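Let's take a walk through a protein together, one stop at a time. Have the sequence and the 3D view ready, and follow along as we go.

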Amino acid sequence: MKGYNTLFPMGFHYTGSPLFAMAKRLREGDPEIIETFTKIYRIPLSTQEKLKDPKSMASHFRDDIKKGMTEIGFSIDWRREFTTIDPLYSRYIEWHFRTLNQRGLITRGTHPVAWCPNDKSPVGVVDTQGDVEPEIGESFLVKFEKDGLFYPTSTLRPETVFGVTNLWVNPEVTYVRAKVDGESWIVSRETVEKLQHQNHKVAVEREIPAGEVLWKTVRNPVTNSEIPVFPGSFVEPDNGTGVVMSVPGHAPYDYQALIDLKEKLADSAEAGQFLQTTNPISIIRLEGFSDLPAKDLIQKFAVKDQNDPHLEHATQELYSKEFHDGVMKENTGSYSGMPVAKAREAIIQELTRQGKIETLLELKNAKVVCRCGTKCLVHILENQWFINYGDPDWKTQAHKCLDQMVILPEEIRAEFNYTLDWLRERACARTVGLGTKLPWDPSWIIEALSDSVVYMAYYILSKYFTKNWVVFKKFEKNTSKLPDAFFNFTLLGEGDADKVAKETGIPKRILSAIRMEFEYFYPVDMRHSARELVSNHLSFYIFHHSTLFPERQWPKGIVANGFVLMEGAKMSKSLQNIIPLRQGIARFGADPVRVGVLATAELGQDTDFSEGLAASIQERLATLIAQARKLGSKKTAGKSNPSALDRWMISRLSNAVRTATSALDRLRVREAINIILYQLDNDVGWYNRRLGPKKSKSDSRNRVLRRVLETRTRMMAPLAPHTAEEIWTRLGNRGFVVQSKWPIETENERDSSAESAETLIRQVLHDSSEIVKATGMTPKRIAYYTAADWKWQVYLKALKAAEEKMRQGDFIKEVMGDPLLRSLGKAAADYAGKALHQANHMPDEMRKSRLQDGVTAEKTIFADAADFYARELRCAINVWQEGASGISDPKGRARMAEPYRPAIFLE
Ligand SMILES: [Zn+2]
């Protein structure tokens, strides 16, 4: 509508494990998925039988989604449709990866990754249940020792080893004695697998019930003191090693656990002896705290027992305070006087040299579960393939690309900058799922977030693959016959068309056509996607484009959307509030769904769909169609001079075109809907109310209303296309509204004096009704007195004086300098003071526009509106100017009249 060719294509991403996992659950008869398919998606059981194969499931939903997109009115170029497992797409991704590899951006190395032990494959956000992005964190294993047996305990604060009073093990848990890299360790059974995945050689010697180690002693690796092993049921066997060092002086959890244990075992003879001598040790000095900061915080947070959730807050507060401000005490040997942060580094170095500490990698987010149902862990993957997002030159390019892009909403730009900086090597291949094999190592499949970042360029190719299938079908069977030279020429403009034509057998005219079309449409002007993809997919999109394509073909903009909520709640299976798109369209109609989704939120926010909203939008759209029906297809002949009211309506329309266009330019769709549907409805309502039921001036009314509706229809076309086309045809237009021009605001149709006159009429109607209400009378007659000319003169002077910040005394003096005004005496001086006060307290914009409008012909305005007032207020209306001859002013009200504030008299 604005004169651009717009390419809106669509493809289907089949890559990865989600389809695999879902088809498997269906095959295994998982009741939850059967219920979802049956109740929410209404797929008959006989059809579900066919969906047990991943590809069949994919094509079922692809068909359904496609139908939905057609029914909702998306104008998609389906000639370009493809899936990411089409052989020629795979060929394209091979080219993509070979190109990255040639540029040195694919590395092979040994790195920790989140891992599914069942699939024996790395996992990323798209591979986990609930789309959790696995985060890897490092902790330290400080090794306590007794008789050649090591008890490694996991901690983030190795410097607190000086303050250890005891170890905790869970009395309910089974431990093992295992040879780990030649040493004998005691760890929980769950730890064995974790250690193995991190390249430790582990051989389990035997299982050890917790009782065997409880109430024994072990030796502190730095102080050499003997400390006891106590039972702690809070110790989780799969967190760390299942053996925990206890620092009650500086760890609130340990302090509370020690208190609880002492209370519980006060009478136990065996325990008593140990417990009596076990007391918190103070090793860190912290300004503003006692010797035992853990105790202080337990008291501050009023912690009741070790299950109290406040313990977490206490722990976090102390951890951060001690790290930043704590100083090691005299009882920490050579670390005495050192800041905690520095001591931590130093002690890690010392213990590493002595072989008394190791590192352990763990998933920081509590429970990461693979789509196959297996709990994930950290695996050190050797010789795995990575995309090196840490490459400094590549980062610079990506930042340059981002800096030139439009990002909507702008506030997410910071998140992009953060991600571009933070990204490092990222595993780019999996062993399971659908997708393209890594061209130089076919035992790996390129994963879903790596094969989906430059697919936009493929839309140009896919059209020609479909259109010239006779030429391209031979490559589908044997994709290796389609050489990289083909992609280099069509997408990068490298090489020679004649040569490529000769090598591939693809006619030169087709090669040149593809190249031309690519140059015509690329780069992508706007990529719309979900906000939660900023930290992965959308940042990768920037990275890959910035290295693959020349700068002029880098992406121009990204728009990030929020979620669609249902009646204020997130859609979820358990809430049973999911409405699949096609069912929504069937229930509410396509346009109410579109507008309903768009009307409640701006970009980046979650939008809140509700049945009530959809129903009210449906009604509003139906009213517009009814208006079109009433106006009919016959244009009104002839031309009459527009009235002030007509000029007001056209001015409002003109204003709506300007503001709605500017809103849509910034993709503030909600604002645009508000203007086009709601604000203009109110204006049309007022226009009709002002004209009243009489049809005598129907000529100009219909012409104005037709103009308004036609213009609104053009603006509705992108929002509610079906309704817009219906109205367009009913108004007697040919062709499609979507092929007509977007309305342009005509400067000279903006009429600020018509607008302010109408505001005045509305205000006076409101004031009159209020008076009627307040007095409780049913007036026979209402008289409006407009201000005398001299008041206008003073009023305009006052506006000017306020602009110039003139003092009241000076202003009154100036007014009274005019002989005519002086002759009016006190009345003029009083009004001058009042007018300046008003002018000083008025919004700048109003003052400016009133100054510009000058003397307003209020008498004429109200006289023209007399019929309207008579109709609205159901009585006779008189209009006089203050001081006019023949004025009827029984109660002397006229002298109260002021500009923009006529005096009102009821009788
Ligand atoms: Zn798995």
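Helix α10 contributes five residues to the lining of the second largest pocket, the most of any element. Keep in mind that you are looking at a predicted model. Other elements that each supply at least two residues of this lining include the strands β3 (136-146) and β4 (149-155) and the helices α6 (189-197) and α7 (252-264). The space inside this second largest pocket comes to about 1,900 Å³. Its lining is made up of 50 residues, and the closest to the pocket's centre are S154, L156, N239, G240 and E362. What classes of residue make up the lining of the second largest pocket? There are 21 nonpolar, 15 polar and 14 charged residues.

Next, find H399, which sits in helix α12, spanning residues 392-403. Is H399 buried or exposed? H399 has a relative accessible area of 17%, and because buried means under 20%, H399 counts as buried. Leaving out residues up to four places away in sequence, H399 touches N417, L420 and D421. With N417 there is also a polar contact between the two side chains, at 3.2 Å.

Our last stop is the nonpolar cores. The largest has 95 residues, and Y869 and I877 are the ones that touch the most other members. Apart from neighbours within four places in sequence, I877 is in contact with I782, Y784, A866, Y869 and A870.

Notes. Residues numbered from 1 in each chain as written. Predicted model: local features only at pLDDT ≥ 70, side-chain atom pairs only at ≥ 80, totals over all residues. Heavy atoms only, no water. Helix = DSSP H or I, 4+ residues; strand = E, 2+ residues; numbered from the N terminus. Buried < 20%, exposed > 50% of the residue type's maximum accessible area, 1.4 Å probe, protein only. Polar contact = N/O pair within 3.5 Å; in protein donor to acceptor, adjacent residues only side chain to side chain. Contact = heavy atoms within 4.5 Å. 1 Å grid on protein atoms, 1.4 Å probe; cavity = no way out; pocket = protein on both sides within 12 Å on 5 of 7 lines; lining within 4 Å. Points joined across faces, edges and corners; volume = space filled by probe spheres on them. Nonpolar A, V, L, I, M, F, W, Y, C, P; charged D, E, K, R; others polar. Core = buried A, V, L, I, M, F, W, Y, C linked by side-chain atoms within 4.5 Å.
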